Amino acid sequence: MQNYQPTQGYDGEIGFDGTIEQDAQEFIVLQPGEHEFTVKSIEKGRFNGSQKADGLPPCNMVKVSLEINSNQGTAIVFDNIYLHTRVEWRISSFFGAIGQKKKGEPLRMNWNSVIGQKGKAKIVNNEYNGNTYNNVASYVLPDDYDQPVQTQMQGMQGGWKPGQF
C-alpha cells in the first residue's frame, strides 16, 4: 500500500526511466497517546495464521491506513484488522471509533464506507530491529457509543400518524 500523490494531476504508472518530482517523506514517530485520525485507504487481504500455540488461524484481514496530523507533521499509521471471531471486539472497536457501530447493535461491515471517516486511536511506539514504529494499541470509542441510533421516524418532530398525509 502506498501513499502516492499524483504529479501534476497524473495518476498512473511511472516508467523505469520516468521523471519524478516529489521529495521523500520523513517517517514520523508520534508521541504515545490518543490521536485523531482519518481513514485514508483500506486493503483487503488474507492472514496466513500464526504459528504460536494460541495464535490466530488463517482468516480474512483488512489493512487500514490512518492519517494522523500532529505537531511533528502528518503520519500514516497502518493497522491490520483480522476478521475472526476471536478478535471481533477489535473490529467493533474500529467501527465504533468511526461512529458506525453502537453498543449492543449488530453491524454489517461495509469497508467501502470507512474511507474518509474520522475517529480516535491510542497510539503506542514499538521497537523492532532497532527502529521505532507507531502502532494502534486500541481504538477510542466516542462518548455516544452506548446510545442507540435514532431512526428518522423517531427524530421527526410531531412524528408520523397512520392515515394522515
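How many bridges join β1 to strand β2? Nine bridges do so, and β1 and β2 (residues 59-70) run antiparallel. The model is a predicted one, in which local features need pLDDT of at least 70 and side-chain atom pairs count only at pLDDT 80 or more, while totals for chains, interfaces and linings use all residues. Residues are numbered from 1 along each chain as its sequence is written, and side-chain values use heavy atoms, with hydrogens and water left out.

The strands named here are DSSP runs (E, at least two residues), as helices are (H or I, at least four residues), numbered from the N terminus. Two strands are said to pair if DSSP finds at least two bridges between them.

Taken together, five strands form an open sheet with antiparallel pairing, in the order β3-β2-β1-β4-β5. Its edge strands, β3 (73-83) and β5 (131-140), each pair on one side only. From one strand to the next, the twist averages 40°, with axes fitted as lines to C-alpha atoms, for helices over the stretch in contact, and angles running from 0 to 180 degrees between N-to-C directions.

Helix α1 (residues 88-97) packs on this sheet and touches β1, β2, β3, β4 and β5, contact meaning heavy atoms within 4.5 Å. The direction of α1 makes about 80° with that of β5.
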